[in-house]
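Okay, thanks for coming, everyone. Let me put the structure up on the screen, and then we'll go through charge pairs, a helix pair and a surface patch.

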Amino acid sequence: MSKKILLLSSVIFLSSCAATNISELGDKFLDLINPSDDATEVAMLSGEENLIAMDEAGGFTIDELEELSNDELIAIAKEKGLEDLILLDEDGNLLNRDQIINAIVESAALLESKSEELESMSDDELIEVAVSKGLTELIVLDADGNLANRDELVEALLESAAATEAAISEFGNNADSFTLYFAYDDTEIDEVATRTIIQHANFMQENPSVNLRLEGHADERGTREYNLALGENRALSVKEVLGLYNLDDRIIVVSYGEESPILTGSNEEAWEKNRRVEFSYY
């Protein structure tokens with residue numbers, strides 16, 4: 001029996017049982033199959049390892065995660081690179097259970113989408129992505145210059161994506177802001193904005209696999225063409241400050257002009273919110 005079939009069968013069996021102890025469920029399942037090397041390997045798994053194996057085989061739904069203990073959730077979160085999100089009290093109890101559950105689900109969805117995206121890429125496209133993520137040393141080419149380790153490179157890129165998402169999520173909990181606001185018809189970076197930009201620069205330096213898209217916006221006043229240029233210039237002014245930290249090659253600039261207001265309305269309250277640059281990491 002292959003490991004994959006055995007593992008999937010384990011998941012089906014375990015999910016149908018009423019018992020709550022993962023190790024006991026594993027023992028019951030092993031009683032139903034013939035001993036083999038694969039079965040021995042499964043039998044040696046701890047409760048936490050069983051959970052991780054089940055997650056890798058098919059993932060958990062929110063309802064299934066809700067039924068897990070805090071320790072089990074922590075084990076899965078650590079396996080997914082979400083350790084920085086875990087908040088414990090002085091007694092070691094999990095303080096942010098709902099956040100961890102949501103992060104696990106979002107991480108699984110992200111990786112599934114990312115996996116499909118990477119699998120659809122050509123070898124040259126994969127190499128380009130790997131280089132952009134600082135994984136050049138993992139690229140192996142054959143004598144003809146073709147990618148010789150496609151599967152390994154895809155796996156490394158998925159691990160990088162998971163780590164990046166976890167880092168961005170953690171930074172989001174601590175950053176002052178992911179949005180900078182501007183005065184009317186202005187691109188000037190004030191002191192408050194400068195402090196925020198420096199915070200983002202430090203984050204990017206600490207996380208070399210993270211790239212940034214600066215999205216410039218304007219309020220509705222002025223022509224469409226003028227506001228597109230204004231949004232771009234606002235984003236470029238932010239990039240100029242980040243460039244002092246040698247981050248230029250990891251930043252792209254886009255402008256939406258007046259086309260993507262965060263608040264609708266022809267009044268000062270809406271205009272103030274729409275004159276902005278947003279930080280979007282990927």
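Let's start with Arg195 and Glu191, whose side chains meet in a salt bridge, 3.4 Å from N to O. By salt bridge I mean a side-chain nitrogen of Lys or Arg within 4 Å of a carboxyl oxygen of Asp or Glu. Before I go on: this is a predicted model, so local features need pLDDT of at least 70, side-chain atom pairs count only at pLDDT 80 or more, and totals for chains, interfaces and linings use all residues. Residues are numbered from 1 along each chain as its sequence is written, and side-chain values use heavy atoms, with hydrogens and water left out.

Back to our pair. Both residues, Arg195 and Glu191, sit in helix H10, four residues apart, which is about one turn of the helix. Helices here are DSSP runs of H or I with at least four residues, strands are runs of E with at least two, and both are numbered from the N terminus.

So how covered are these two? Glu191 is exposed, at 60% relative accessible area, while Arg195 is partly exposed, at 47%. The cut-offs are under 20% for buried, over 50% for exposed, and partly exposed in between, with a 1.4 Å probe and protein chains only.

How many salt bridges does the rule give? The count comes to nine. One of them joins Glu215 to Arg213, with the closest N and O atoms 2.9 Å apart. Here Glu215 is buried, at 10%, and Arg213 is partly exposed, at 24%. Another links Glu278 and Arg276, again 2.9 Å from N to O, and both of those residues are buried. Then there's a network: Asp219, Arg221, Glu268 and Arg275 are joined by salt bridges that share partners.

Now, H10 has a neighbour to look at. The axes of H9 (residues 150-174) and H10 (residues 191-206) come within 12 Å and cross at roughly 155°. The axes are lines fitted to C-alpha atoms over the stretch in contact, with angles from 0 to 180 degrees between N-to-C directions. The two helices, H9 and H10, are therefore roughly antiparallel, a label for angles over 145 degrees.

Last stop, the surface. Tyr181, Ile262 and Leu263 make a nonpolar patch of about 260 Å². Patch residues have over 30% relative accessible area and no salt bridge, with nonpolar side chains joined within 5 Å and like charges within 9 Å. Tyr181 itself lies in strand S1, residues 179-181, and is partly exposed, at 39%.

Methods. Areas by Shrake-Rupley, 256 points an atom, 1.4 Å probe, with all protein chains shown as cover. Parallel < 35°, antiparallel > 145°, perpendicular 65-115°, else oblique.
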